[in-house]
Amino acid sequence: MTDDELLLYKRLIELSNRAYQNNIYTFSDFLSLSQQEVLYQASRDKAFAPIRFDLFGGYENCERQMVRFGSEADFGYLVDFPISCIKIEPLAKKFAKEYTHRDYLGSLMSLGIDRKKFGDIFVDGMDAYIYVEESTTDYIFENFVSVGRNSIKCSFAELPEEYKKAALKEATIQVASPRADAVIAKVYNLSRKDTLSYFTEKKVSVNGHIVENNDKTLAVNDTVSVRGFGKFNIINEGGLSKKGKLNLVVEIFGAH
């Protein structure tokens, strides 16, 4: 575990105990997939408070997520995650240029905003939607005025349902076996050899847990994330093809 991961590990244990001892909800910053794995490791520590926790990033398929320690069953009341969705759009679309996820990320971080204070970024043509921690919204509204050459405006919004559907593609793939490396290779058009580095570099997670064994068997309802590519769900197993390969139906999400 790196020094940063150890600090996070201790911080998550601290938040669990603060929630448990004071009967109040506590929240983490946005966590990446590898940081979410630190959470699961911390939750098995004896020092972690006996309290429920859940994760959310703005909507159900977000990759970067915040942890909420406590539940309605624990406290008798419910507090929403302190997450806002901000829409970013050019002031003059006629003259604007389309920018990428990387451009929006770079512009935000150039303002001195810590990466852990905002979650997934969804780019939709010339517009973008960003999930942010509520405490940072005022600063963003006051200071986030351009992306590249585009002058922009920010407003509170919800990620459109049509965008969520457009970001989802259903496909049937054929694999020799439901091994993680075989399925990932087929979904993202890679060779199985090409997938190996993603496992060794801890870039693959299944149901929120980092997976380093490329021969892990996947099953229906598993959610698989591959950093740099995106996420997919296995929604159905369709039996064998005429050539004896396994048919899997997957839902593929775009990279965030």
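Student: At roughly what angle do the axes of helix 7 and helix 8 cross?

Tutor: This is a predicted model, in which local features need pLDDT of at least 70, side-chain atom pairs count only at pLDDT 80 or more, and totals for chains, interfaces and linings use all residues. Residues are numbered from 1 along each chain as its sequence is written, and side-chain values use heavy atoms, with hydrogens and water left out. Helices (H or I, at least four residues) and strands (E, at least two) are DSSP runs numbered from the N terminus. The axes of helix 7 and helix 8, lines fitted to C-alpha atoms over the stretch in contact, with angles from 0 to 180 degrees between N-to-C directions, come within 9 Å and cross at roughly 110°.

Student: Which term describes how helix 7 is oriented to helix 8?

Tutor: The axes cross at roughly 110°. Angles of 65 to 115 degrees fall in one class, and therefore helix 7 is described, relative to helix 8, as roughly perpendicular.

Student: Which residues of helix 8 meet helix 7?

Tutor: Contact means heavy atoms within 4.5 Å. On the side of helix 7, the residues involved are Ala180, Asp181, Ala182, Ile184 and Ala185. Their partners in helix 8 are Arg192, Thr195 and Phe199.

Student: How many of the eight residues of helix 7 are buried?

Tutor: Buried means under 20% relative accessible area, with a 1.4 Å probe and protein chains only. The cover over the buried residues includes helix 8 (192-200) and strands 9, 10, 12, 13 and 14. Helix 7 is largely enclosed by the rest of the structure, because the number of its residues that are buried is seven.

Student: On the sheet, what angle does helix 7 make with strand 9?

Tutor: The sheet is open, has six strands in the order 9-14-13-12-10-11, and pairs in the antiparallel sense; two strands pair if DSSP finds at least two bridges between them. Its edge strands are strand 9 (168-175) and strand 11 (209-210). Helix 7 (residues 180-187) packs on this sheet, and its direction makes with that of strand 9 an angle of about 125°.

Student: Which residue in strand 13 is the bridge partner of Val224?

Tutor: Strand 12 (residues 223-226) and strand 13 (residues 230-240) pair over four bridges. In strand 13, the partner of Val224 is Phe232.

Student: With which side chain does the side chain of Asn233 make a polar contact?

Tutor: Asn233 lies in strand 13 and counts as buried because its relative accessibility is 12%. A polar contact is a pair of N or O atoms within 3.5 Å, one able to donate a hydrogen and the other to accept it. At 2.8 Å, the partner of the Asn233 side chain is the side chain of Thr223.

Technical notes:
Buried means under 20% relative accessible area, exposed over 50%, partly exposed in between (1.4 Å probe, protein chains only). Angles under 35 degrees count as roughly parallel, over 145 as roughly antiparallel, 65 to 115 as roughly perpendicular and the rest as oblique.
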